[in-house]
Amino acid sequence: MGAALAAVLVGWRFTESTASQTNVVADLVKKKLSYLELEPEGLRQFASDYAIAMSFRYELKQRLAHPVYALTPLLDFMWSMEEPATRAALTYLMSSDFFFNGADEARLVYYVGLYDPSLVTCSNPFAKFDL
Amino acid sequence: MDKPGVYDLLVVGTGFASSFFLRAYLEKVGPEARVLVLERGRHDTHAWQIQNRVNTSLWSLETYLDRGSHKKPWVHTLGFGGGSNCWWAVTPRFLPSDFRMGSTYGVGVDWPLSYDDLEPHYARAEEWMSISGPSDDSPFPRSGPYPQPPHRLTDPDRLMKAAFPDQFFVSPTARARISTPTRPACCATGNCHLCPVNAKFTVQNSLQSVYDDPRVTLRLEASVQAVEVAAGLATGVSYKIGEHEHLAHAELIALGANALFNPHILLRSGFDDPGLGQFLDEQVALGVTVELDGVENFQGSTSITGHGYMLYDGEHRRENSGCLMESWNVPTLRIERKRWRQILRLKFIFENLAEATNQVRYDPTEPDKPVVVYAGDSEYAKRGMRMLEARLPEILKSLPVERYRFDDGTNGTEAHMLGTTIMGNDPNTSVVDRYLVHHKVRNLLVLGGGAFPTMSPSNPTLTLSALSLWAAEHLMA
């Protein structure tokens with residue numbers, strides 16, 4: 001009973017404000033890309049851009065689960081937690097200089113700009129054009 | 001205002017079918033010719049589309065009424081340039097067998113023209129669109145090379161090409177491989193419906209000169225109400241702009257709206273041809289995600305790089321739909337460390353077998369909106385999809401496949417509306433003849449994919465564009 005109440009209290013802090021959604025997105029990216037060093041200011045900016053552009057919003061169940069999911073692998077079996085985390089992390093990778101730098105895991109990764117092919121032209125880092 | 005008197009030609013619509021017909025017509029007529037073009041939509045420029053992230057200021061799904069047992073979107077673009085604004089510029093030709101499904105496989109009917117009849121018009125349409133395609137081989141006979149060099153294949157494409165040299169090809173496309181006077185080269189952004197660099201062929205970026213021709217008057221936001229007929233000939237078209245009604249007279253009328261609006265205009269005009277409005281359908285597609293082991297993807301130079309014909313043609317089409325495979329080069333990564341690019345998206349496009357009960361109808365109580373009655377994909381297409389499930393491992397044999405999974409359900413639409421004004425030699429079973437001329441009203445043409453008697457697994461745009469050139473050549477001969 002006490003543990004459940006604690007989870008609710010912890011989860012409740014994730015309100016629907018932009019700031020809290022930004023924190024959630026940043027947590028998700030850090031969890032999925034824990035093997036990379038992500039430049040912190042850029043990560044915050046990405047999380048804010050992403051939360052706004054994608055209208056990112058956690059349901060109550062996700063809010064409650066988030067503290068445990070973000071810090072431990074205990075809830076990795078939950079598709080409702082894994083799917084948004086994977087999507088955010090992959091978008092971050094495409095929005096960063098990671099692939100443009102040869103996917104070098106030893107380099108600090110910088111956010112470049114939210115990956116949006118409809119607005120950012122020629123943003124595919126893998127395309128080759130030799131005839 | 002309409003010019004007084006009678007136009008030589010009145011064209012309805014500004015998409016592929018209309019624009020290709022009009023350009024061919026203008027090449028043949030003299031400087032005194034007078035043409036009126038009526039376009040229902042607005043001129044939403046490329047810059048406007050990019051800024052607003054949509055292709056049109058008119059929402060297509062609100063332009064018709066869906067009263068069928070199977071709900072699905074019939075997507076189209078209303079506006080100057082029509083479907084050329086939103087298309088992904090995939091331009092395979094049909095195979096010769098697509099024109100004779102009835103006699104070859106006992107399925108559907110034969111077209112009233114052959115691949116050989118259309119070949120020179122295919123070549124001309126490809127020239128006008130500056131198509132990039134395979135340089136050394138192709139699945140269909142060609143009288144000459146493609147205008148542009150081929151796009152670059154991905155590494156998984158190359159493995160499939162090695163395994164299926166006669167069945168896997170570089171995808172032909174109107175996404176420029178090298179720049180043209182009006183389009184830059186494609187840079188593989190992967191957002192072709194709103195190409196940010198304007199690299200794909202559109203009417204706006206490549207056929208604007210047709211509408212700037214002093215012989216042509218273009219009226220936007222003109223909603224055609226009816227074709228006027230007297231003594232067996234079309235005499236003109238009534239249309240509305242806002243609440244104002246207009247009547248324009250013409251010697252020749254070409255309907256090039258689409259497979260919803262062309263039959264609706266005719267039905268509202270009182271035409272009662274056998275088959276009018278019937279056989280509405282389109283292809284249906286199924287997506288597959290393949291996770292690879294050790295092969296990286298996405299090195300191609302455009303969004304869709306390869307076409308697979310392994311399940312397209314053959315005796316299986318007697319029983320089930322053929323299908324065309326597309327290999328996609330739009331980065332959709334996987335999350336596993338160091339395996340981000342070891343993934344492949346394939347799309348399998350199946351031909352449907354159109355039923356007469358799938359229809360566009362006219363309801364006098366809702367006179368401005370076509371009524372769509374559609375019962376769902378044909379059993380023929382469903383059997384084709386089941387065939388794919390059985391044969392996919394064989395298709396993927398050249399790839400180091402870790403696992404694959406089908407999408408949940410089919411794509412909602414291919415945005416390829418076909419049928420409803422089909423062509424044929426028999427006026428009792430078709431609406432227009434082999435030259436897209438109405439069987440009874442001989443100065444009326446009905447252009448576009450509505451004329452297709454069967455649909456093929458291939459994207460229809462190149463074929464319907466070539467058909468407009470074929471029709472224009474016959475008319476002007």
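Predicted model: local features only at pLDDT ≥ 70, side-chain atom pairs only at ≥ 80, totals over all residues.
Three strands of chain B form an open sheet in the order β3-β14-β13, and their pairing is mixed. The edges are β3 (65–66) and β13 (359–361) of chain B, each of which pairs on one side only. Strand β3(B) is joined to β14 (residues 371–373) of chain B by 2 bridges, and these two strands run parallel. To find the spot in the model, look for B:Asp66, which stands opposite B:Val372 in β14(B). Strands of a sheet pair through backbone hydrogen bonds, either parallel or antiparallel.

For the antiparallel kind, move along chain B to β6 (residues 223–230) and β7 (residues 233–241), which are joined by 7 bridges and run antiparallel. Here B:Val227 stands opposite B:Val237 in β7(B). The two strands make a hairpin with 2 residues between them, and B:Ala231 in this hairpin takes a positive phi near 55 degrees. Strand β7(B) is also joined to β8 (residues 244–255) of chain B, by 6 bridges, and again the strands run antiparallel. B:Ile241 has B:His244 in β8(B) as its bridge partner. Between β7(B) and β8(B) there is a hairpin with 2 residues between the strands, and B:Gly242 in its turn has a positive phi of about 65 degrees.

Most residues other than glycine have a negative phi, and most peptide bonds are trans. B:Phe279 is not a glycine, yet its phi is positive, at about 70 degrees. This residue lies in the loop between α8 (261–268) and β9 (284–292) of chain B. Is B:Phe279 buried or exposed? It counts as buried because 28 other C-beta atoms lie within 10 Å, and the cut-off for a buried residue is 20 or more. B:Ser456 also has a positive phi without being glycine, near 65 degrees. Its place is the loop between β16 (444–446) and α10 of chain B.

The loop with B:Ser456 leads on to helix α10(B). The helix has 16 residues and should span 22 Å at 1.5 Å a residue; its end C-alpha atoms are 23 Å apart, so the two values agree. Because 12 of its 16 residues are buried, α10(B) is largely enclosed by the rest of the structure. Among these buried residues are B:Leu462, B:Leu464, B:Leu467, B:Trp470 and B:Ala471. What covers them includes α1, α4 and β16 of chain B.

B:His121 is itself buried, as are B:Leu118, B:Tyr122, B:Ala123, B:Ala125, B:Glu126 and B:Met129. The buried residues of α4(B) pack against α1 (16–28) and α10 (461–476) of chain B. After the helix comes B:Ser130, which has a positive phi near 55 degrees.

Next, consider the nonpolar interior. In soluble globular proteins, nonpolar side chains tend to be buried together. The largest nonpolar core has 151 residues, and the members that touch the most others are A:Val29, B:Phe21 and B:Leu436. Leaving aside residues up to four places away in sequence, B:Leu436 touches B:Met423, B:Leu445, B:Val446, B:Leu447, B:Ala451, B:Leu467 and B:Ala471. A second, separate core has 6 residues, including B:Leu153, B:Leu159, B:Met160 and B:Phe169.

A:Val29 in the largest core brings us to chain A. Of its contacts with a separation of 6 or more, 61% are between residues 24 or more positions apart.

Where do the two chains meet? 20 residues of chain A are in contact with 21 residues of chain B. Helix α5 (residues 79–95) of chain A supplies the largest share of the chain A side, with 5 residues. That side divides into 12 nonpolar, 5 polar and 3 charged residues.

Key:
Residues numbered from 1 in each chain as written. Chains lettered and ligands numbered in written order. Helix = DSSP H or I, 4+ residues; strand = E, 2+ residues; numbered from the N terminus. Contact = placed C-beta atoms within 7 Å. Core = buried A, V, L, I, M, F, W, Y, C linked by C-beta atoms within 7 Å. Nonpolar A, V, L, I, M, F, W, Y, C, P; charged D, E, K, R; others polar. Pairing = 2+ DSSP bridges. Expected span 1.5 Å × (residues − 1).
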